[in-house]
Amino acid sequence: MRKSFVKDLRKFLWCLLALVPMLARAGAPGAGSITPNFKDANIRQIIQAVSAATGKDFILDPRVNAQVTMYSSTPLTAGAFYQAFLSILEVYGYIAVPAGPHVVKIIPNANERVSPQIDLPKRVSSTSDELVTQVIPVKNVSAAELVPILRPLVPEWGHLAAYPPSNILIISDRASNVYRIMRIVKRIDRVGNQDVDVMPLQNASATQVVQVVNQLYQGQAAAQMGRTFKVVADPRTNSVLISGDPAERLRIRALVAELDTPSAAGGDTRVLYLHYASAKVLAPKLKEQMQELAEISSAGNVKGTVQAAAEKNALVWADTQSNALVITAPPKVMRTILSIVAQLDIRRPQVLVQAIIAEVDVNRTNDLGVNWAAYSQVDKLPLGGFVEPVGGTSIVDLVDAAKNPASLTTSLLEGTTIGIGTVSAGGISFAAMLRALRGNDSTNIVATPSAVTMDNHEAVLKSVDEVPFVTGQYTNASTVTSGTVTPFQTVQREEVGTILKVTPTISATGHAVMLKISVESSSVLPNSVSTVDPTTQKRSITTNVLIQNKGIVVLGGLIQNSQSRNHNGMPYLGNIPVLGWLFKARNDQAQRSNLMIFIKPTIMRNQREAARESGANYRYMLEQEGALPPQQFPPLLYGEPTPRLPPLPASPPASARKATPESAPAKPSPAPAASPAQPPPQP
């Protein structure tokens, strides 16, 4: 124990003797150099010496503790001594963090990332061990790709990261190492050979050729060869783009040229099963396209007579039963046809068009009048009277009905009719009639036709009655049956009701619909005289409108308000108060008609949206069916079930809605049709 104490005491005295001259020179005015020599000295003692030499104040972390040995054969300035002190800290795992103009913190390396440092200096020293945070811009290569290359050169406690949006590197380390990383990045960040070769192909597919080349140079063999090129396909121009080292580009060009050779058979045959388009409609258009391509190829290719002849002999026909196209054409034409079919055979969105036809009609009629007559029964000479039809009936009609009850009609019984009179055999006969009639007709019609159709396809919805109209008639005198001449009539039946015709066109953005609409609402007037040649009322509108998806717009409207008064009476006498009622008849009529047509389109882009709309309408019909009042009496047909809508069928799974591959003849199952009855859309 005493020997160990003596040994430590000797070491302390030796260090003290070595420091006294150095401290004396540092504290003396004009001192310019220090020659530090330490052997197994505690690092805290060295920090005291550095503080005395540089005038800096040090704050030590409790974990700072080490035995340091340092030999110096040449004198050092205070600044050089401080740099040597930073190197000592690096060797023993500590860092010096400035905390002010003259204050320095000594902490372990583990706290380096969260400690303030010298941020973004204009010049990074190549020999200093100060902590530095620097941003390194990268111009020609990817900064993110440099991180895994440079990360092994940075200590574990250091920081190195990339910011891809600005293509920069952020590094935090000692200045000497940061300087080294900056030199390495500068050497790597150079503009390489950016030339690109474009090879248009005549026979092969650019996409397939690129796949073959990439597969050839994949794996461990490609890594050993040091692949320095990149191959990309441009399907639009059927070209192969090659970039990289000139020698590598030349070798790849030769390989692509070998692959771009015509087929040995001179053509190819493909069978394409269409999922959405019609093969019968598409085949004639593809024939025209192939003929145009053959003419263009023959006009611009004089030497390739064999290939031009093969393009002219290309065939395409449709198999309507399987909705498939059978195409025989050279590879170049085949690629064009396949690209056209792939872009045309797509699921087209559907449009649910809902219309509201609201019509309110009110007709009011008032008839009031008095008729009277007096005449001699002997010679039947009229003595006087006032005869004017009131509501289509006069005193003469009542007298004839009294004489001949068989001639009584229902029109004579309408309204309130009061008649008085006397009929004498040899004297004067007298008859009078008071007739009052009021009519009040009101009509409220709300029709909500709706239809589902595909984009650019017309949909027609009719809810009509076929009403007969006489178009011609004649009597053939030579045709006599039982002494009666038989007339001949020609009758044509016309549709009367609601007719909706609509052709939707979805905009390029998919948020609006242009509708070509024709709406017609007609009806037979209730006061038509003939059942074969009735009078109809027709309201129609034909227009083109642009509506937002699920928006409502009014297509048109018709508002009419008319009023008429018809007063017939005897001059002068009809104007006498009270007594004048015996000499006049009045008829007043008022009509109001309101018609509005609204439209609402709903775009259904996929099967899920179509199923949602169909389900909503199906549930609406189920609710309407459930709202019917129950039967109060037992049914007369026992055992006969009441027809009911079945529950809503489940939608097909997502896998069943996917399009089948081209090689499979199976066709996708059709989407469930929308319910024909639709609830009225809510404005």
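A word on the model. This is a predicted model, where local features need pLDDT of at least 70, side-chain atom pairs count only at pLDDT 80 or more, and totals for chains, interfaces and linings use all residues. Numbering runs from 1 along each chain as its sequence is written, and side-chain values use heavy atoms, leaving out hydrogens and water.

Now the rings. Searching the whole structure gives two aromatic pairs. Rings of Phe, Tyr and Trp (its six-membered ring) pair if their centres lie within 6.5 Å; planes under 30 degrees apart count as stacked, over 60 as edge-to-face and the rest as tilted.

Take Phe-58 with Phe-85. This pair is edge-to-face, at 5.6 Å centre to centre and 75 degrees between the planes. Phe-58 is in strand β2 (residues 57-60) and Phe-85 in helix α3 (residues 78-91), so the pair ties together parts 27 residues apart in sequence. Helices (H or I, at least four residues) and strands (E, at least two) are DSSP runs, numbered from the N terminus. Phe-85 is buried, at 1% relative accessible area.

Next, Tyr-82 with Phe-85. That pair is tilted: 6.2 Å centre to centre, 40 degrees between the planes. Both residues lie in helix α3, three residues apart, about one turn of the helix. Tyr-82 is buried too, with a relative accessible area of 12%.

Put together, Phe-58, Tyr-82 and Phe-85 make one aromatic cluster.

Last, a charge. The charged end of Lys-56 sits over the Tyr-82 ring, 5.3 Å from its centre. The cut-offs: NZ of Lys or CZ of Arg within 6 Å of the ring centre and within 35 degrees of the ring normal.

Technical notes
Buried means under 20% relative accessible area, exposed over 50%, partly exposed in between (1.4 Å probe, protein chains only).
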